Amino acid sequence: MGEFNSGGQPPLPDDDGSAPPLPEKVQVGGSPMYKLDRKLGKGGFGQVYVGRKMGPATVNARFGPGAMEVALKFEHRSSKGCNHGPPHEWQVYNALGGSHGVPRVHFKGRQGDFYIMVMDILGPSLWDVWNSTSQAMSTEMVACIAIEAISILEKMHSRGYVHGDVKPENFLLGPPGTPEEKKLFLVDLGLAIRWRDNATGQHVEYDQRPDVFRGTVRYASVHAHLGRTCSRRDDLESLAYTLVFLLRGRLPWQGYQGENKGFLVCKKKMATSPETLCCFCPQPFREFVEYVVNLKFDEEPDYAKYISLFDGIVGPNPDIRPINTDGAQKLVHQVGQKRGRLTMDDEDEQPTKKVRLGMPATQWISIYSAHRPMKQRYHYNVADIRLPQHIEKGNDDGLFISSVASCSNLWAVIMDAGTGCTAQVYQLSPSFLHKEWIMEQWEKNYYITAVAGANNGSSFVVMSKGTPYLQQSYKVSDSFPFKWINKKWREGFYVTSMATAGSKWGIVMSRGAAFSDQVVELDFLYPSEGIHRRWENGYRITSIAGTCDQSAFVLSVPRRKPSDETQETLRTSAFPSNHVKEKWGKNLYISSICYGRTVS
């Protein structure tokens, strides 16, 4: 797909580099000398090896600073996790190391081109255990893992951090044959970030960057797939997928391959209900999934309640459980103390609004914005041949096209007296955003003000005079082009129109638009929580578009604050003709409309 503009900059090349070989001997931060031995594994940014203590043996310790064998984690100075200094993971271990379920770092330092951490050697990961048990774990084993993993995450979250990559490979047991062999540890903190601001103590701000993904595709939360700021809910959703995987041996979204694997996996996750995901699991697992996928961005998880879900599955005697759950006993005790009160409270508890709404559907999405009384007219289910008569009649009545959309290869046209335009031209083209015609109109000082695409690949482009725009650029892409949008934002452009044709996206960005800031909400269903958060911060929806898979909402902060900021959205199976006049009665007028992915 291509980018076309009336001015632009060429992209800068990416840097590349290669890491030198690891040192054969290691001594950092006052540690003993270690000789490099076998490789243990690879983390998000580094690799882990066994280090054998050199010199005469004293006490054959297995743990602590004097252990004969240790785990050495290497991270190259050019790694993304280092960012021109010690790895981010060091900072996280400084805050969390040695707390419940997190291994302690005994020594750390730089040797040559590598930053190195010296830690205790642990036992197999849950992935290793799952593989060694014929890829099947008992219900009691997985329930014990759930109890202890929730308590580990609760402790980590209480320190202000989220892990960011919860999965079977990152949960390790203690070394076999030791008192710690049934103890659970959570490792690889390279993707851990703060959910609570260290300076203010407040929850970090919500944002969405669809070009950013953190975690592992199979277990990542849908919010991580969509580039939303990581919070406590994401660790718990990833844990839910981890538990179902260990119990069932497979997740419904496994098997996708190719460049759009993440897209397909996220789409499948959002289309899979907790009932379907947990159809062969005991009820507590379904309830846990139901709770965590509906947590709001800054909602406090009820860890004690989640642990209590699994009480009835694990044996009553903690000493004979397959996983040591001592760390969770404090939370379990809290549940015991609160159980009577919780039972009474539950009777009066109001159902909370679900974050993950309904099931996927394709519908009309219409946006209504406050405006002083004006004339507005709509036409829908319009065939190509009938468009000219509707547009000419509107022009004769002093109306210009403000929005266009398509459904089933028929057009919807919104015309009103509030566009500010002085002249308009339009084109129906069998191709999506006809380059030659658009560039020809640019030369005449017309700018794109509305655009729509049909499933058959055709497009309807409206260009106007009398706009505030100084320069325009547009891009057609097979996927939502957020990286390009982000680049153009830095150049002073803002999204002013969007459309789709089949699975293709067309984004129009303009310099001179009357906005001071802009964000995107992209979702496989309907981003209700994100839209409401943006509204609360002064953003208003200014462009929408949708394919049969995704819908995108561009929200902007106007340079001049309107006297009435009221805005409403509506999702309907049919064109919302029955609702428009009701909105007009409240001085709310259609400002954007599209037909695309939402929820039933």
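Q: How many of the 9 residues of helix 14 are buried?
A: This is a predicted model. Helix 14 spans residues 528-536.

Q: What is the order of the strands in the open sheet of 3 strands?
A: Strand 16 (423-429) and strand 17 (447-453) each pair on one side only. These two are the edge strands. The pairing is antiparallel, and the order is 16-18-17.

Q: How many bridges join strand 17 to strand 18?
A: Strand 18 holds residues 459-465 and runs antiparallel to strand 17. Along this pair, alanine 450 stands opposite valine 462. The number of bridges is 6.

Q: Which helix packs on the sheet of strands 16, 17 and 18?
A: The helix touches strand 16, strand 17 and strand 18. Its direction makes about 5° with that of strand 18. Its residues are 435-443, and it is helix 12.

Q: Is leucine 433 buried or exposed?
A: Leucine 433 is found in the loop between strand 16 and helix 12. Its phi is near 60°, a positive value in a residue other than glycine. The cut-off for buried is under 20% relative accessible area. Leucine 433 has 6% relative accessibility, so it counts as buried.

Q: What is the relative accessible area of glutamine 135?
A: Glutamine 135 sits in the loop between helix 2 (126-132) and helix 3 (139-158). Its phi is near 55°, a positive value in a residue other than glycine. Glutamine 135 is partly exposed, and its relative accessible area is 43%.

Q: Why does threonine 272 count as buried?
A: Threonine 272 is found in the loop between helix 6 (261-271) and helix 7 (274-277). Leaving aside neighbours within four places in sequence, it is in contact with Pro252, Trp253 and Leu277. Buried means under 20% relative accessible area. Threonine 272 counts as buried because its relative accessible area is 13%.

Q: Which residue's backbone oxygen does the side chain of threonine 272 reach?
A: Threonine 272 lies in the loop between helix 6 and helix 7. Its side chain reaches a backbone oxygen at 2.7 Å. That oxygen belongs to lysine 268.

Q: How far apart are the C-alpha centres of domain 1 and domain 3?
A: The domain assignment gives domain 1 (25-119), domain 2 (124-337) and domain 3 (360-599). The C-alpha atoms of the chain fill a box of roughly 95 × 60 × 45 Å, taken along the principal axes. The centres of domain 1 and domain 3 are apart by 54 Å.

Q: What percentage of the residues of the chain count as buried?
A: The chain has 600 residues. Its secondary structure comes to 15 helices and 26 strands. Its accessible surface comes to about 27,000 Å². The buried share of the residues is 53%.

How values were computed: Residues numbered from 1 in each chain as written. Predicted model: local features only at pLDDT ≥ 70, side-chain atom pairs only at ≥ 80, totals over all residues. Heavy atoms only, no water. Domains from an automatic or database assignment. Pairing = 2+ DSSP bridges. Helix = DSSP H or I, 4+ residues; strand = E, 2+ residues; numbered from the N terminus. Contact = heavy atoms within 4.5 Å. Axes fitted to C-alpha atoms, helices over the stretch in contact; angles between N-to-C directions. Buried < 20%, exposed > 50% of the residue type's maximum accessible area, 1.4 Å probe, protein only. Areas by Shrake-Rupley, 256 points an atom, 1.4 Å probe, with all protein chains shown as cover. Polar contact = N/O pair within 3.5 Å; in protein donor to acceptor, adjacent residues only side chain to side chain.
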